[in-house]
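The structure is shown first, and the description follows.

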Amino acid sequence: MKKEHIGGLEAWVYTPDFYSNDLTPIAFVPGASALGIMGANPALTLKGLGRKVYLVSLPGHGESKPWNGKPLGHHSLEDFSRGLGSFFEALGTRVDAWGHSMGAAVVQKQFSSGWIRNAVLIGSPAPKVPL
């Protein structure tokens with residue numbers, strides 16, 4: 001595991017020893033006030049199955065830059081979505097996104113961007129857009 005900054009967001013990256021570019025990477029997006037590293041247990045399991053995993057901290061969380069200079073607690077869902085969009089653009093590849101709680105709402109907002117191949121929504125409100 002190593003920590004990187006991608007598109008202004010802090011991400012812990014788990015790369016398996018036998019990683020194949022044929023497998024879509026996974027981006028785990030946690031809920032409010034949580035850091036990406038909170039997904040370490042599932043990341044270790046997925047790494048063992050050959051998947052590359054990015055544990056993403058949303059804008060203003062951990063070492064992720066605040067979106068538009070806003071302090072933590074002053075970001076909107078749209079701000080978080082734009083931050084995650086910057087992460088996807090900098091990553092430059094489609095992902096399978098796992099979102100928990102508010103992170104799932106952010107994943108839902110980004111689903112139509114084309115960067116997300118599949119989405120797993122955990123503890124999320126029902127989607128407002130067709131998935």
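## Basis of the description

Two strands are taken to pair if DSSP finds at least two bridges between them. Helices (H or I, at least four residues) and strands (E, at least two) are DSSP runs, numbered from the N terminus. This is a predicted model, in which local features need pLDDT of at least 70 and side-chain atom pairs count only at pLDDT 80 or more, while totals for chains, interfaces and linings use all residues. Residues are numbered from 1 along each chain as its sequence is written, and side-chain values use heavy atoms, with hydrogens and water left out.

## The sheet

Six strands form an open sheet with mixed pairing, in the order β1-β2-β4-β3-β5-β6. The edges are held by β1 (2-6) and β6; each has a single partner strand, so one side of each lacks a neighbour in the sheet. From one strand to the next, the twist averages 25 degrees. Such angles run from 0 to 180 degrees between N-to-C directions, the axes being lines fitted to C-alpha atoms, for helices over the stretch in contact.

Strands of a sheet pair through backbone hydrogen bonds, either parallel or antiparallel. β1 and β2 are joined in the antiparallel sense over five bridges, and Lys-3 stands opposite Trp-12 in β2. Parallel pairing links β3 (residues 26-29) to β5 (residues 95-100) over four bridges, with Trp-98 in β5 as the bridge partner of Phe-28. β5 also pairs in the parallel sense with β6 (residues 116-122), over six bridges. Here Ala-97 has Ala-119 of β6 as its bridge partner, and Gly-99 has Leu-121 of β6.

## The crossover through α3

Helix α3 (residues 102-110) makes a right-handed β-α-β unit with β5 and β6. Right-handed means that, with the strands pointing away from the viewer, the path from the first strand over the helix to the second runs clockwise. α3 packs on the sheet and touches β3, β5 and β6, where contact means heavy atoms within 4.5 Å. The direction of α3 makes about 140 degrees with that of β5.

## Nonpolar cores

A nonpolar core is a set of buried Ala, Val, Leu, Ile, Met, Phe, Trp, Tyr and Cys residues joined through side-chain atoms within 4.5 Å. Buried means under 20% relative accessible area, exposed over 50%, and partly exposed in between (1.4 Å probe, protein chains only). The largest such core has 20 residues, and those with the most contacts inside it are Tyr-54, Val-56, Leu-84, Phe-87, Phe-88, Val-95 and Ile-116. At least two residues of this core come from each of β2 (9-14), β3, β4 (53-56), α2 (77-91), β5 and α3. The largest share, five residues, is supplied by α2.

Beyond residues up to four places away in sequence, Val-95 touches Thr-24, Pro-25, Ala-27, Phe-88, Trp-115, Ile-116, Arg-117 and Asn-118.

## Salt bridges

Side chains of opposite charge can pair when their charged atoms come close. A salt bridge is a side-chain nitrogen of Lys or Arg within 4 Å of a carboxyl oxygen of Asp or Glu, and a search of the whole structure finds seven. One of them joins the side chains of Lys-2 and Glu-4 (3.1 Å, N to O). Lys-2 is partly exposed at 49% relative accessibility, and Glu-4 is partly exposed at 25%.

Within helix α2, Glu-78 and Arg-82 lie four residues apart, about one turn of the helix, and their closest N and O atoms are 3.9 Å apart in a salt bridge. Asp-79 and Arg-82, three residues apart in α2, also form a salt bridge, with the closest N and O atoms 3.9 Å apart. Asp-79 is buried, with a relative accessible area of 2%, whereas Glu-78 at 32% and Arg-82 at 42% are partly exposed. Shared partners join Glu-78, Asp-79, Arg-82 and Lys-109 into one network of salt bridges.

## An exposed loop residue

Leu-49 lies in the loop between α1 (40-48) and β4 and is exposed, at 60% relative accessibility. Leaving aside neighbours within four places in sequence, Leu-49 is in contact with Phe-18 and Leu-23. The C-alpha atoms of Leu-49 and Pro-16 are separated by 8.0 Å, although these residues are 33 apart along the chain.
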